[in-house]
Amino acid sequence: MTSKTMKAVHVPAVGQALELISVPVPEPDDEQVRIKVEACGVCHGEAKIVDGWASSYPRIPGHEVVGVIDSVGAGVDGWQPGQRVGVGWHAGHGETTGMTIDGGYAEYMTAYQDSVVAIPDGISPEEAAPILCAGETVFSALKNSKARIGDLVAVSGIGGLGHLAVQYAAKAGYEVVAISRGTDKADLARDLGAHHYIDAAADDVAERLTELGGATVIIATAPHADVINPLLGGLATGGELVLAAVSDDPIGWSALDFLGGQATVKGTFTEADSMADAIKFSILTGARPVIEVFPLEKAPEAYDKMMAATVHFRAVLKVS
């Protein structure tokens, strides 16, 4: 029997810190499943909830959720108790996980059936969770890009998203350039599969990429305008700069920056249909996020470390 109450961590109100609470276990509505949460990633998107973007408060965040279905509502088709599943940003029925409905910083959560993807064996819940947002974002950026096997692909920012992007790009057969400030991540980048490393603090990034022939695609994962701005000059003619980073700062390009190289700048975001593909590719190739695991009770600490960029590389809550 499921307990009538559960542990959860919520944002009580706009601007307030995460708080551990006890709340009733939710019951699934029509077309919903209830998930016994095994793991939930801690993502920078949670900052938007603290900042006031949630539809109402209090709100339980968490949109990188892996768990096991333990109950289904009326009208659910194709899902049954015992299946291991994942839920990302897209909560189905026009909802957003952890933003307009409660997410996975809890022992249980409910989700609409059209938001759920199967999580196969071969990957742990803690490793699968970050792939449902961070991993899927960069996976889709590469999959939907114009790059082909052997092309030069650069990844700017070797952090929570970038360390996965380097792995995916290398395992997909691209010539990979890792870009970061300083040399402390050079060896790690090469261990992850990068063929070249550019120290953005010491080198002109655009010049170095041009010397390598120009990048067909650059995946920008560092959320800083001064890091993104010079990348445009490192593209080959007709190349693509894909913005996977979340930044509110103006990047500072003008029309003149686009006249010579016929470059394309586009964004990418998590897509429910692609989460299963990202998980499958990770299992097939052995790509895995580097994670730091915290118990649910230490979600506030995990969030603070994520915001301070001191977590290595993705924080994950182990819930059950």
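Helices and strands are DSSP runs numbered from the N terminus (H or I with at least four residues for helices, E with at least two for strands). The model is a predicted one, in which local features need pLDDT of at least 70 and side-chain atom pairs count only at pLDDT 80 or more, whereas totals for chains, interfaces and linings use all residues. Residues are numbered from 1 along each chain as its sequence is written, and side-chain values use heavy atoms, with hydrogens and water left out.

Because nine of the ten residues of α3 are buried, the helix is largely enclosed by the rest of the structure. Buried here means under 20% relative accessible area, as computed with a 1.4 Å probe on protein chains only, with exposed meaning over 50% and partly exposed in between. Among the buried residues of α3 are Gly135, Glu136, Val138 and Phe139.

Rings of Phe, Tyr and Trp (its six-membered ring) pair if their centres lie within 6.5 Å, and planes under 30 degrees apart count as stacked, over 60 as edge-to-face and the rest as tilted. By this rule the count comes to three aromatic pairs. In one of them, phenylalanine 139 and tyrosine 168 have ring centres 5.7 Å apart and planes at 80°, so the pair is edge-to-face. This pair links distant parts of the chain, with phenylalanine 139 in helix α3 (residues 134-143) and tyrosine 168 in helix α4 (residues 162-171), 29 residues apart.

Phenylalanine 139 counts as buried at 10% relative accessibility, and tyrosine 168 is buried with a relative accessible area of 1%. The rings of tyrosine 168 and phenylalanine 281 have their centres 5.8 Å apart and their planes at 70°, so this pair is edge-to-face. Here helix α4 holds tyrosine 168 and helix α8 holds phenylalanine 281, 113 residues apart in the chain.

## Arginine 288

Arginine 288 lies in the loop between α8 (272-285) and β16 (291-295), and at 19% relative accessibility this residue counts as buried. Not counting residues up to four places away in sequence, arginine 288 touches Gly122, Glu127, His163 and Ser282, among others, where contact means heavy atoms within 4.5 Å. A polar atom of the arginine 288 side chain lies 2.8 Å from the backbone oxygen of glycine 122.

Key. A polar contact is a pair of N or O atoms within 3.5 Å; within protein, one must be able to donate a hydrogen and the other to accept it, and residues adjacent in sequence count only if both atoms are side-chain atoms.
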